[in-house]
Amino acid sequence: MFPFFSCFSLFSFFIIFFLSLSCPCFPARTIPDQVTVVTADAHNATWHDFKRFLDACRGSHISGMSELKKYFHRFGYLSLAETNFTDTFDTQFESAVVLYQNRLGLPVTGKLDSDTISTIMSPRCGVSDSAHAALPPLHAARHYAYFYGRPRWARSSPMTLSYAFSPNNMIGYLSLSDIQTIFRRSFSRWSAVIPVNFTETDVYDSADIKIGFYRGDHGDGQPFDGVLGVLAHAFSPQNGRLHLDASESWAVDFKSVGSKVAVDLESVATHEIGHVLGLAHSSAKEAVMYPNLRPRTKKVDLKMDDVAGVQALYGSNPNFKFSSLFESENSYNQAFGFSSTHSNWTISLSLLLFIFFLPT
Ligand SMILES: [Zn+2]
Ligand SMILES: [Zn+2]
């Protein structure tokens with residue numbers, strides 16, 4: 001029994017590995033000519049400076065690398081035990097880079113290559129990536145993750161969660177009605193796939209989900225950092241706080257906003273609601289729960305990975321049909337090279353090879 005499966009798995013792995021090298025579903029990665037993500041004057045100065053570590057690898061010693069280690073520490077890639085970071089690219093830092101590349105869906109090189117530096121410098125969610133629940137190894141189709149302990153909202157079914165906007169912490173250049181519309185749409189994407197309803201309330205203090213725009217240190221131990229860098233953060237269930245960095249140029253419609261550093265409010269709202277519900281960061285670049293979002297980019301549609309993750313926590317909305325996700329599933333599979341045809345074909349070939357090599 002077990003030898004059969006281990007042998008089968010070995011062949012499957014071999015074939016999948018072989019296909020991953022040869023199949024046109026896996027296009028060669030385009031290496032960006034430069035690692036500068038945002039060319040506008042206003043950018044997060046600290047992260048922008050990281051471009052000077054391009055091509056650093058184990059053994060490199062570059063003044064200021066301790067700042068990059070602090071970044072890795074902040075987002076959960078270097079242990080809390082080590083706080084006196086040096087400027088040397090040591091083996092521990094190499095392990096952190098490998099872990100980062102794995103979790104961000106990057107080519108795993110262990111070096112600060114252009115893909116890695118470019119991703120490090122791009123704006124992202126402030127929630128640490130360390131909150132990942134352990135995933136089965138080689139379970140390639142699953143990228144979603146949960147916070148430690150897999151917390152979720154515990155309410156009787158049908159579940160309704162209320163949300164409210166902070167009366168004192170909003171931004172002046174967007175109307176309340178625009179913000180309300182954006183959040184209504186963002187919540188509805190999640191309620192379409194799970195049996196949870198969201199309703200807006202004026203009573204902020206007793207709302208389950210409390211939404212506000214904050215600047216710098218705002219009392220929860222996770223200060224915001226000005227333009228770009230960290231865009232927002234939210235807390236795991238059943239905390240309900242959802243905070244957006246008031247220093248960002250939040251956009252409702254890019255057509256009416258010229259700023260190169262404009263950030264799509266709806267994309268970030270949809271992502272942060274995922275955290276409020278209990279999802280941690282996904283390593284699937286297409287997923288809404290991927291931690292990074294470049295300026296002037298819109299990513300609001302839930303992908304299969306997001307839906308599978310949240311439905312494993314709350315179950316499926318009875319009205320939800322997977323066929324409605326066909327398009328996004330298609331693009332998801334194209335992005336990651338997993339099509340059902342491909343998988344079936346791979347399994348068939350593995351079986352044939354197994355039978356062929358079966359000892360007689
Ligand atoms: Zn996040
Ligand atoms: Zn906060």
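Reader: Is Val252 buried, partly exposed or exposed?

Author: This is a predicted model, and in it Val252 sits in the loop between strand 6 and strand 7 (262–264). A residue needs 20 or more other C-beta atoms within 10 Å to count as buried, and 12 or fewer to count as exposed. Because Val252 has 17 other C-beta atoms within 10 Å, it is partly exposed.

Reader: How many helices and strands does the protein have?

Author: The protein has 360 residues, of which 35% are buried. Of its contacts with a separation of 6 or more, 72% are between residues 24 or more positions apart. Its secondary structure comes to ten helices and seven strands.

Reader: How confident is the prediction, in terms of the mean pLDDT?

Author: A pLDDT of 70 or more is reached by 74% of the residues. Over residues 1–8 the pLDDT is below 50, and this stretch has three contacts in the model beyond near neighbours in sequence. Residues 335–360 also have a pLDDT below 50, with 28 contacts beyond near neighbours in sequence. For the protein, the mean pLDDT is 82.

Reader: What is the handedness of the crossover from strand 1 to strand 2?

Author: Strand 1 (residues 159–165) and strand 2 (residues 196–200) run parallel and are joined by five bridges. Within this pairing, Thr160 stands opposite Asn197. Between the two strands the chain passes through helix 6 (residues 176–191), and this β-α-β crossover is right-handed.

Reader: Which residue of strand 3 stands opposite Ala164?

Author: Strand 1 also runs parallel to strand 3 (residues 209–214), with three bridges between them. In strand 3, the residue opposite Ala164 is Lys210.

Reader: Which residue in the turn between strand 4 and strand 5 has a positive phi?

Author: Strand 4 (residues 232–234) pairs with strand 5 in the antiparallel sense over three bridges. Ala234 has Leu242 as its bridge partner in strand 5. The two strands form a hairpin with six residues between them, and the turn residue with a positive phi, about 90 degrees, is Gly240.

Reader: Is Glu272 buried or exposed?

Author: The unreviewed UniProt entry marks Glu272 with the annotation "active site". Glu272 lies in helix 7 (residues 265–277), and its contacts, leaving aside neighbours within four places in sequence, are Ala232, Ala234 and Leu242. Because Glu272 has 27 C-beta neighbours inside 10 Å, it counts as buried.

Reader: Which residues does Glu248 touch, not counting those up to four places away in sequence?

Author: Glu248 carries the annotation "binding site" in the unreviewed UniProt entry. Its place is the loop between strand 5 (241–245) and strand 6 (249–251). Glu248 counts as buried because 25 C-beta neighbours lie inside 10 Å. Beyond residues up to four places away, Glu248 touches Val227, Leu231 and Val263.

Reader: Against which helix do the buried residues of helix 3 pack?

Author: In helix 3 (residues 65–74) the buried residues are Met65, Leu68 and Lys69. They fall within an arc of 105 degrees seen down the axis of helix 3, so they line one face of the helix. These buried residues pack against helix 4 (91–103).

Reader: Which residue just after helix 8 takes a positive phi?

Author: Helix 8 (residues 304–314) has among its buried residues Met304, Val307 and Val310. Just after helix 8, a positive phi of about 85 degrees is taken by Gly315.

Key
Residues numbered from 1 in each chain as written. Chains lettered and ligands numbered in written order. Predicted model: local features only at pLDDT ≥ 70, side-chain atom pairs only at ≥ 80, totals over all residues. UniProt positions renumbered as here; feature names shortened; annotations may be inferred. Helix = DSSP H or I, 4+ residues; strand = E, 2+ residues; numbered from the N terminus. Contact = placed C-beta atoms within 7 Å. Pairing = 2+ DSSP bridges. Right-handed = clockwise from strand over helix to strand, strands pointing away. Arc of directions from axis to C-beta. pLDDT = per-residue confidence, 0-100.
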